[in-house]
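Look at the sequence and the model first, then follow the pairs and patches below.

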Amino acid sequence: MEWEVEYLDEARKDLKKLDGSQRLLVRKAIEKVRENPIAKQEGGYGKPLGNKKGNDLSGFLKVKLKKCGIRIVYKLIRTNSRMKIVVIGAREDNEVYEIAGKRIEKHHL
């Protein structure tokens, strides 16, 4: 079963800021993950997040694209079989988690 993918407006802008090859890799990763976006412990692709330097990301999951240095943070909405993309960004530091925390608060996720 494939899940519907929904982007926050900000996440869509994150995707547009990437160069063409990165954008392609991210889209391919999201397409793969949408087949089974649940947590790895449940047999899926997502890695659960918790508290990241003061940002409570409990209930959210991430996917890392190690080769291009990008993280994708998303939330599953199981009642509608949707995965909501919160942020797409560099994984070199915890900035992506800070951005995710702000967007989660802003959008009451």
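Is lysine 84 buried or exposed? Lysine 84 counts as buried, at 12% relative accessibility. Buried means under 20% relative accessible area, exposed over 50%, and partly exposed in between, with a 1.4 Å probe and protein chains only. This is a predicted model, in which local features need pLDDT of at least 70 and side-chain atom pairs count only at pLDDT 80 or more, while totals for chains, interfaces and linings use all residues. Residues are numbered from 1 along each chain as its sequence is written, and side-chain values use heavy atoms, leaving out hydrogens and water.

Stay with lysine 84. Its side chain meets that of glutamate 6 in a salt bridge, 2.7 Å from N to O. Lysine 84 lies in strand β7 (residues 82-90) and glutamate 6 in strand β1 (residues 4-7), so the pair ties together parts that are 78 residues apart in sequence. Helices (H or I, at least four residues) and strands (E, at least two) are DSSP runs, numbered from the N terminus. A salt bridge here is a side-chain nitrogen of Lys or Arg within 4 Å of a carboxyl oxygen of Asp or Glu. Glutamate 6 counts as partly exposed, at 23% relative accessibility.

The structure holds seven salt bridges. One of them joins the side chains of glutamate 10 and lysine 106, at 3.0 Å from N to O. This pair also links distant parts of the chain: glutamate 10 sits in helix α1 (residues 9-17), lysine 106 in helix α3, 96 residues apart. Glutamate 10 is buried, with a relative accessible area of 15%. Lysine 106 is exposed, at 57%.

Now turn to the loops. Arginine 78 forms a salt bridge with glutamate 42, and the closest N and O atoms are 3.2 Å apart. Arginine 78 lies in the loop between β6 (70-77) and β7, and glutamate 42 in the loop between α2 (20-33) and β2 (47-48); they are 36 residues apart. Arginine 78 is partly exposed, with a relative accessible area of 47%. Glutamate 42 counts as partly exposed, at 47% relative accessibility. Elsewhere, Glu2, Glu31 and Arg34 are linked in a network of salt bridges.

Lysine 62 makes another kind of pairing. It lies in strand β5 (residues 60-65).

Finally, the surface. Arg12, Lys13, Lys16 and Lys17 form a positive patch there. Patches are made of residues with over 30% relative accessible area and no salt bridge, with like charges joined within 9 Å and nonpolar side chains (Val, Leu, Ile, Met, Phe, Trp, Tyr) within 5 Å. Lysine 17 lies in helix α1 and is exposed, with a relative accessible area of 70%. A patch of negative charge gathers Glu92, Asp93, Glu95 and Glu98 on the surface. Glutamate 95 lies in helix α3 (residues 95-106). Glutamate 95 is partly exposed, with a relative accessible area of 46%.

Technical notes. Accessible areas come from the Shrake-Rupley method with a 1.4 Å probe; for residues, only the protein chains shown count as cover. Lys and Arg count as positive and Asp and Glu as negative; His and the chain ends are not counted. The place of a charge is taken as NZ of Lys, CZ of Arg, CG of Asp or CD of Glu.
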